[in-house]
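Reader: I would like to go through this model with you and ask, for each label, what it rests on. Where shall we begin?

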Amino acid sequence: MAAGETRPIGPDDLQRAVRSVARIFGAQEVVIVGSQALLVGRNDIDRRLRMSVEIDAYPANLHEWQELHPGEEASEVINALLGEGSDFHKAFDFFVDGVDDTTAKLSPDWRDRAVRRTIQVDDGTVEAVAPEPNDIVAAKLARGDPKDVQFARICLTSGLAKHDEVRKRLEVIMADDLLGAALGRLSQARHGPRPQSLGTDR
């Protein structure tokens, strides 16, 4: 498969991404956001939700690392070493998109519900940490791309996420003037036609 072609992201890819980020930053936790964060909680994720070329990640010690490395952005380091077009991308047919703790619009208490996966890294272990599915879906609907509505539809119809829980999250994370539109997208996801494919998650 040529670099850039879309294929389902799997548990091995998740582990490889987490190990790589952990090694670069000496992190004990690596946070995964975006659609592929679903893989932190379970392996049996609908193939349509895993059709992607990227995993969005950042080290949990992001701010401490940046304080020790003035002028450097952790996200830029990730993109240079593991990002699109990197040797990592060419070798493994997916890349790591360097993000930070403001990329996904999440409830302030999302970590209280976070899912975790312990991953072996060299002689120790690292925790992959991700929002639980209702938080992931709410963040997608907050962004509002048409593809995000399709993503939410699959999560709702498969039972990964619950309508009422997603609604609660949206009511927390969305400003009053934007909430109506986000709830409209949630309704569309709940009642719209079943999507056949999400295409590339970019």
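Author: Let us begin with Ser86, which, leaving aside its neighbours within four places in sequence, is in contact with Ala80 and Leu81. Please keep in mind throughout that this is a predicted model.

Reader: What makes a pair such as Ser86 and Ala80 a contact?

Author: Contact means heavy atoms within 4.5 Å. Ser86 meets that condition with Ala80 and Leu81, neighbours within four places in sequence being left aside.

Reader: Where is Ser86 found, and why is Ser86 called buried?

Author: Ser86 belongs to the loop between H4 and helix H5 (87–92). Buried means under 20% relative accessible area, and Ser86 has a relative accessibility of 7%, so the residue counts as buried. As for its place in space, Ser86 and Val96 lie 10 residues apart in sequence, with 9.6 Å from C-alpha to C-alpha.

Reader: Why is Asn61 called buried?

Author: Asn61 has a relative accessible area of 19%, and the limit for buried is under 20%, so the label applies to Asn61. Asn61 is found in the loop between S4 and helix H3 (62–68), and, leaving aside neighbours within four places in sequence, Asn61 is in contact with Phe25, Gly26 and Ala27.

Reader: Why does Val40 count as buried, and which residues does Val40 touch?

Author: Val40 has 2% relative accessibility, and because buried means under 20%, Val40 counts as buried. This residue is found in helix H2 (residues 38–41), and, not counting residues up to four places away in sequence, Val40 touches Leu14, Ile32, Val115, Arg116, Arg117, Ala128 and Ala130.

Reader: What is the order of the strands in the open sheet, and what makes S5 and S6 its edge strands?

Author: The open sheet has 5 strands in the order S5-S4-S2-S7-S6, with mixed pairing. Strand S5 (95–98) and strand S6 (115–121) are the edge strands, as each pairs on one side only. Neighbouring strands of this sheet are turned by 35 degrees against each other on average, direction ignored.

Reader: What joins S7 to S2 and to S6?

Author: There are 3 bridges between S2 and S7, which run parallel, and Glu29 has Glu127 in S7 as its bridge partner. Between S6 and S7 there are 7 bridges, and these strands run antiparallel, with Val126 as the bridge partner of Ile119. The hairpin of S6 and S7 has 2 residues between the strands, and Asp122 takes a positive phi near 55 degrees there.

Reader: Why is S4 described as largely enclosed?

Author: Because 6 of the 6 residues of S4 are buried, S4 is largely enclosed by the rest of the structure. In a regular strand the side chains alternate between the two faces of the sheet. Here Glu54, Asp56 and Tyr58 on one side and Ile55, Ala57 and Pro59 on the other are all buried, and both faces of S4 are covered.

Reader: Which residues lie nearest the centre of the largest pocket, and how many line it?

Author: The lining has 22 residues, of which Gly34, Asp56, Thr103, Lys140 and Arg143 lie nearest the centre of the largest pocket. Strand S4 (54–59) and helix H6 (133–143) are the elements that give two or more residues to this lining, and the largest share, 6 residues, comes from H6. The lining divides into 8 nonpolar, 5 polar and 9 charged residues, and the volume of the largest pocket is about 380 Å³.

Key: Residues are numbered from 1 along each chain as its sequence is written. This is a predicted model: local features need pLDDT of at least 70, side-chain atom pairs count only at pLDDT 80 or more; totals for chains, interfaces and linings use all residues. Side-chain values use heavy atoms; hydrogens and water are left out. On a 1 Å grid over the protein atoms alone, a cavity is a set of points where a 1.4 Å probe fits but cannot get out, and a pocket is an open set with protein on both sides within 12 Å along at least five of seven lines; lining residues have an atom within 4 Å of a point. Grid points are joined across faces, edges and corners, and a volume is the space filled by probe spheres set on the points. Helices (H or I, at least four residues) and strands (E, at least two) are DSSP runs, numbered from the N terminus. Ala, Val, Leu, Ile, Met, Phe, Trp, Tyr, Cys and Pro count as nonpolar, Asp, Glu, Lys and Arg as charged, and the others, Gly among them, as polar. Two strands pair if DSSP finds at least two bridges between them. Axes are lines fitted to C-alpha atoms, for helices over the stretch in contact, and angles run from 0 to 180 degrees between N-to-C directions. Buried means under 20% relative accessible area, exposed over 50%, partly exposed in between (1.4 Å probe, protein chains only).
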